[in-house]
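Hi,

Here is the structure I said I'd pass on. Have a look at it first, and then read my notes on its pockets below.

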Amino acid sequence: MDFSYSEEQTLLRNSVAKYLADNYTFETFRKVTRTDPGWRPECWQKFAELGLLAAPLPEAYGGLGGGPVDTMIVMEEFGRALVVEPYAQTVVVGGAVLRLGGSEAQKQEWLPKISEGHAVFAFAFAEPQGRYNFADLKTTAKKQGDAYVLNGQKAVVLGAPWADTLIVTARTAGGQRDEKGVSVFLVDKKAKGISTRDYPTIDGLRASEIYFDNVEVPAASLIGALDDGLKLVEHATDEAIAAHCAEAVGAMKVLLDTTVEYSKTRKQFGVPIGKFQVLQHRMVDMFMNYEQSASMALMVTLKLGESDVERKKAASAAKVQIGKAGRFVGQSAVQIHGGMGMTDELNVGHYFKRLTMIDTLYGNTDHHLKRYAALS
């Protein structure tokens, strides 16, 4: 099979890589993540100008019609540069939810805003008691006239401090963990009754605890079918998993290259440590884990359009591989760098932190092993 990229995809990768090399160095990452905002809105607008926000979205709604492979290319380059801007939350999850479940009016209104950089989304799906069960919801949405009233709490909503719009899952029928009865809403973050507690995450991003106290949203804010939103959430999160797997591959590549280069210059007993066979074997194992992860990230990307079962199996298989490989590559990079690997001034620890966070997103390795077994 031919897995080579098209000319357009190669140009996309080159343009992203060049912009990030010029404007998103590791020192820039450290500086930006230590500011109060924690991101650069001007950088988000530049992504829009470069067409990155429009790349995977449908042409009929202002996008470039690229699809999942374009998302994979962008996210891999973002992983190399430790980009913190909420691309996955807005373009991947937001774009998928609207593309798969949005009404024609919602698509016409929101997808062009995403493409132009005029909308920033956050995906509020997790709850303190829910673990990785998307159906375990205490947040409720009750119909009152021509509106729904939301009450509840969402936990660790990544990118929420930067967002203007929330994608919220809520229970509209059934028991707390029933698969039926889950609905999805678009909610203005400034709506009356919403309060937030913002905080930095260990990998330099920002997140929020969000509380809904009798928040009224119009009925037109419902995305997809009432009481039948779980399938939409699962499909959107599988696309997000594929995107974050690609991001992890980019981060692993930097750790591998950085470690190999360090082993050529760091000397012990008068010779470079890269001459020691035990470290050569460890770096070969790092390379193998990286290559396997790159293959799995491509596999899940190509299977996003297949049946629900095949898509879910591919997402879980890739998540397991990326979770295990990310831990091995990160730990090995830190160990080979020795004491330096633990310092804040070196990029190694920051990439390892990001890989650790990716492992927990939408279900960790253990969760997806069980999911894959159940689907099989």
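β3 gives the largest share of the lining of the second largest pocket, with 3 residues. Strands here are DSSP runs of E of at least two residues, helices are runs of H or I of at least four, and both are numbered from the N terminus. This is a predicted model, where local features need pLDDT of at least 70 and side-chain atom pairs pLDDT 80 or more, while totals for chains, interfaces and linings use all residues. Residues are numbered from 1 along each chain as its sequence is written, and side-chain values use heavy atoms, without hydrogens or water.

Back to that second pocket: 14 residues line it, with Phe125, Ala126, Tyr132, Val156 and Thr360 nearest its centre. (A pocket is an open set of points on a 1 Å grid over the protein atoms alone where a 1.4 Å probe fits, with protein on both sides within 12 Å along at least five of seven lines; lining residues have an atom within 4 Å of a point.) β3 (147-158) and α10 (347-360) each supply at least two lining residues. By class, the lining has 10 nonpolar, 2 polar and 2 charged residues. (Nonpolar means Ala, Val, Leu, Ile, Met, Phe, Trp, Tyr, Cys and Pro; charged means Asp, Glu, Lys and Arg; the others, Gly among them, are polar.)

Now the largest pocket, which has 27 lining residues; Phe134, Glu179, Leu230, Glu234 and Lys312 are the closest to its centre. α7 gives the most to this lining, 7 residues. The lining of the largest pocket splits into 8 nonpolar, 6 polar and 13 charged residues.

Cheers
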